[in-house]
Amino acid sequence: MKKNHRTRVGSEVQYGPRLAGAVLHDYLENSDDALAVAFRNQSTADEENEADRLFRDFFPDTHLCVDLKLITRKPGRMHVGEYINCMLTRDGEDHFEAVETATERKQAVRRNPIVYLGTCINLHRKADGTIYPTFNRPQFTSDFTFTDFCREAAEELTAVAGLIEVDE
C-alpha cells in the first residue's frame, strides 16, 4: 500500500507516534474548544486562590519512569526538549531531585562607578565620595606617540579639574 503524502501539511514529525499525555497537554493548552477554554479558565481560577496552596512559588512534578522529581517555577509538565536551570540532588539510591533555580539575576552594584569617561582618562568615585583618575590604554601608532598621549591626558585633566567640585 502506497502512502499518499500530498495531502499532509507540515513536517512528517507531527504525524508520528506521540504519548497520549503529550497530545492531551497540547490540546488543553492550544485548542479553542469549549472544554479546553474552560480547563484553562479553571486553572487560572485555581492559581488565583493561592492562599491555601502548599507550594506558592514551586510546583512539584514527579516522573516515576526515571525516579526524578522536578520542582519548577511554573505549573505543569515540561515540554519535550525544554531546558531549565536547576540544582540536581541525589537523595536516594536510585532517585534524583531537580529544583529550578531563580530566573531573575540580581543586578551587580558597581563598586567604583565612573564619574567621567574620557578619551585618555576616566574619573571614578569611591564609596566614601573621593574621586580618583585612571588612565586609558592608548593605541600607539606612528602618528600618535607616548608624548602625544601625555599631552592630551594633561589637557583632559586640566579641563576636567575645573568641572568637578571636590570637598577639601
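Trainee: Is Phe149 buried or exposed?
Mentor: Phe149 counts as buried, at 9% relative accessibility. Buried means under 20% relative accessible area, exposed means over 50%, and partly exposed is in between, using a 1.4 Å probe and protein chains only.

Trainee: Before I go on, what kind of model is this?
Mentor: This is a predicted model, where local features need pLDDT of at least 70, side-chain atom pairs count only at pLDDT 80 or more, and totals for chains, interfaces and linings use all residues. Residues are numbered from 1 along each chain as its sequence is written, and side-chain values use heavy atoms, with hydrogens and water left out.

Trainee: Back to Phe149, then. Which ring does Phe149 pair with edge-to-face?
Mentor: Let me take the ring pairs in order. The count comes to four aromatic pairs. Rings of Phe, Tyr and Trp (its six-membered ring) pair if their centres lie within 6.5 Å; planes under 30 degrees apart are stacked, over 60 edge-to-face, and the rest tilted. One of the pairs is Phe140 with Phe146, edge-to-face, at 6.2 Å centre to centre and 65° between the planes. Phe140 also makes an edge-to-face pair with Phe149, at 6.4 Å centre to centre with 90° between the planes.

Trainee: How accessible are Phe140 and Phe146?
Mentor: Phe140 is partly exposed, with a relative accessible area of 44%. Phe146 counts as exposed, at 55%.

Trainee: And which residues are in the ring cluster?
Mentor: Phe135, Phe140, Phe144, Phe146 and Phe149, linked by ring pairs.

Trainee: What makes up the largest nonpolar core?
Mentor: Seven residues: Cys120, Ile121, Leu123, Phe144, Phe149, Ala153 and Val160. A nonpolar core here is a set of buried Ala, Val, Leu, Ile, Met, Phe, Trp, Tyr and Cys residues joined through side-chain atoms within 4.5 Å.

Trainee: Why would such side chains sit together?
Mentor: In soluble globular proteins, nonpolar side chains tend to be buried together.

Trainee: Where does Cys120 lie?
Mentor: In the loop between E5 and E6. Cys120 counts as buried, at 3% relative accessibility.

Trainee: What does Cys120 touch?
Mentor: Leaving out residues up to four places away in sequence, Cys120 touches Thr134, Phe135, Asn136, Phe149, Glu152, Ala153 and Glu156. Contact means heavy atoms within 4.5 Å.

Trainee: I also spotted Cys150. How far apart are the C-alpha atoms of Cys120 and Cys150?
Mentor: They are separated by 8.6 Å, and the two residues are 30 apart along the chain.

Trainee: Switching to strands: how do E5 and E6 pair?
Mentor: E5 (residues 114-117) and E6 pair in the antiparallel sense over three bridges. A hairpin of three residues joins E5 to E6, and Leu117 has Asn122 in E6 as its bridge partner. Two strands pair if DSSP finds at least two bridges between them.

Trainee: What about E4, which strands does E4 join?
Mentor: E2 (residues 68-72) runs parallel to E4 (residues 96-100), with four bridges between them. Leu68 stands opposite Phe96 there. E3 (residues 86-90) runs antiparallel to E4, joined by five bridges, and Thr89 has Glu97 as its bridge partner in E4. The E3 to E4 hairpin goes through five residues.

Trainee: How many helices and strands does the chain have?
Mentor: Three helices and seven strands, running α-α-β-β-β-β-β-β-β-α from the N terminus on. Helices (H or I, at least four residues) and strands (E, at least two) are DSSP runs, numbered from the N terminus.

Trainee: How much of the chain counts as buried?
Mentor: 14% of the 168 residues.

Trainee: Last topic: how many salt bridges are there?
Mentor: The count comes to one, between the side chains of Arg151 and Asp148, at 3.1 Å from N to O. The rule is a side-chain nitrogen of Lys or Arg within 4 Å of a carboxyl oxygen of Asp or Glu.

Trainee: Where do Arg151 and Asp148 sit in H3?
Mentor: They are three residues apart in helix H3, so about one helical turn separates them. Arg151 is partly exposed at 45% relative accessibility, whereas Asp148 is buried at 18%.
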